[in-house]
Amino acid sequence: MANQMLLLTTLLAVTCALVIAFEPSPLQDFCVADTTSSATRVNGLPCLDSKLAQAEHFFFSGLHIPGNTSNPVGGKVTPVNVVQIPGLNTLGISLARIDYAPWGVIPPHTHPRATEILTVLEGSLYVGFVTSNPDNKLISKVLYKGDVFVFPVGLVHFQQNVGNGNAISLSSLSSQNPGVNTIANAVFGANPSIPDDVLAKSFQVDKSVISSLQAKF
C-alpha cells in the first residue's frame, strides 16, 4: 500500500510539473514570419528579428476589391493569412473575402486547421456542413445580409449564392494558416492520380465516369 501511495504521489508531482511547464500562448509580442529563413518550422514560420518589424508586416490592402468570379464555379476567395500578412504568424487568426457570381458556389471543402465563422455582407447564401461518419448529417441554412454561420474545424462545408445578383461574404478563421482541401480537386485531381478502379468502386460508378471527372481537374 505504501509503495502504491508513493507511486501515485510521484505521478501527481510529475503531472503537475508538466502542467506548470506548458504554456499554450505565445511568449513574445509577435513573431513576424521570416519566409527567407531555412530554420526548422514548428507550427508556424521562423520569426524575423523583432527589431526589424515594420508596419507593412501587419498590413494588407485591397480587401475592398471584388474577386474575379469568371471561373467554372462562379466563386472567388481572397485570403488574408500569414502569406499576405507575415505578422499573423503564430497568432491563430486569418480572414478571407469571398465573392460569388449569381448562383456561384464555393465547392465542398475542409479547413484542416481552423474553424470558420462567415458573415454575409451582400446577397443571400445557402450554406451548410456535413457531420462526420456515421451520421453524415447535413446542417444547412439560407443566410441573408448580416447573418453569421459557423463551420466547425475539419468538417466538409460549402456555400452557394442563391440570388440573381452578386454576393459577398467575409470569413474569419481560427488559424493563421487554415489550409484548404477542396474535395473534388483532392479526389479527382490528385497528383499522381488515385487509381480509377479505387474511385470507381468507392463511388459505385463505371471507370469511364471517373476518367471523365479526372479530365476536368
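**Aromatic rings, core and annotated site**

Reply: In this predicted model, one aromatic cluster is formed by Phe-129, Phe-149 and Phe-151.

Me: How many aromatic pairs does the count come to?
Reply: Rings are taken as a pair if their centres lie within 6.5 Å. By this rule, the number of aromatic pairs comes to 6.

Me: Are the rings of Phe-30 and Phe-58 stacked or edge-to-face?
Reply: Both residues sit in the loop between helix H1 (2-21) and strand E1 (75-80), 28 residues apart, and the pair links distant parts of the chain. Phe-30 is partly exposed at a relative accessible area of 28%, and Phe-58 is also partly exposed, at 39%. The ring centres lie 5.3 Å apart and the planes stand at 80 degrees, where over 60 is the criterion, so the arrangement of Phe-30 and Phe-58 is edge-to-face.

Me: What is the overall order of elements in the protein, from the N terminus on?
Reply: The protein has 4 helices and 10 strands. Read from the N terminus on, their order is α-β-β-β-β-β-β-β-β-β-β-α-α-α.

Me: What share of the contacts in the protein with a separation of 6 or more comes from residues 24 or more positions apart?
Reply: As background on the chain, 30% of its 217 residues count as buried, and the protein exposes about 13,600 Å², of which carbon and sulfur atoms supply 60%. Among the contacts with a separation of 6 or more, the share from residues 24 or more positions apart is 67%.

Me: Is Asp-99 buried or exposed?
Reply: Asp-99 has its place in strand E2 (residues 94-100), and, leaving out residues up to four places away in sequence, the residues it touches include Pro-66, Gly-67, Thr-69, Lys-76 and Ile-168. Since the limit for a buried residue is under 20% relative accessible area and Asp-99 comes to 5%, Asp-99 counts as buried.

Me: Which residue has its side chain joined to that of Asp-99 by a polar contact of 2.8 Å?
Reply: A polar atom of the Asp-99 side chain also lies 2.9 Å from a backbone nitrogen, that of Gly-67. The contact of 2.8 Å, by contrast, runs from side chain to side chain, and the partner is Arg-97.

Me: Which residues does UniProt list for "binding site"?
Reply: The record is an unreviewed entry, and such annotations may be inferred rather than shown by experiment.

Me: What distance does the polar contact between the side chains of Glu-116 and His-111 have?
Reply: His-111 is in the loop between strand E3 (105-110) and E4, whereas Glu-116 is in strand E4. Relative accessibility is 10% for His-111, which therefore counts as buried, and 3% for Glu-116, which is buried as well. The side chain of His-111 makes a polar contact of 3.4 Å with that of His-109, while for Glu-116 and His-111 the distance is 3.0 Å.

Me: How far apart are the C-alpha atoms of Pro-152 and Thr-131?
Reply: Pro-152 lies in the loop between E7 and strand E8 (156-161) and is partly exposed at 28% relative accessibility. Leaving out residues up to four places away in sequence, Pro-152 touches Thr-115 and Phe-129. Although Pro-152 and Thr-131 are 21 residues apart along the chain, their C-alpha atoms are separated by 9.3 Å.

Note on methods. Residues numbered from 1 in each chain as written. Predicted model: local features only at pLDDT ≥ 70, side-chain atom pairs only at ≥ 80, totals over all residues. Heavy atoms only, no water. Helix = DSSP H or I, 4+ residues; strand = E, 2+ residues; numbered from the N terminus. Buried < 20%, exposed > 50% of the residue type's maximum accessible area, 1.4 Å probe, protein only. Polar contact = N/O pair within 3.5 Å; in protein donor to acceptor, adjacent residues only side chain to side chain. Contact = heavy atoms within 4.5 Å. Phe/Tyr/Trp six-rings, centres within 6.5 Å; stacked < 30°, edge-to-face > 60°. Areas by Shrake-Rupley, 256 points an atom, 1.4 Å probe, with all protein chains shown as cover.
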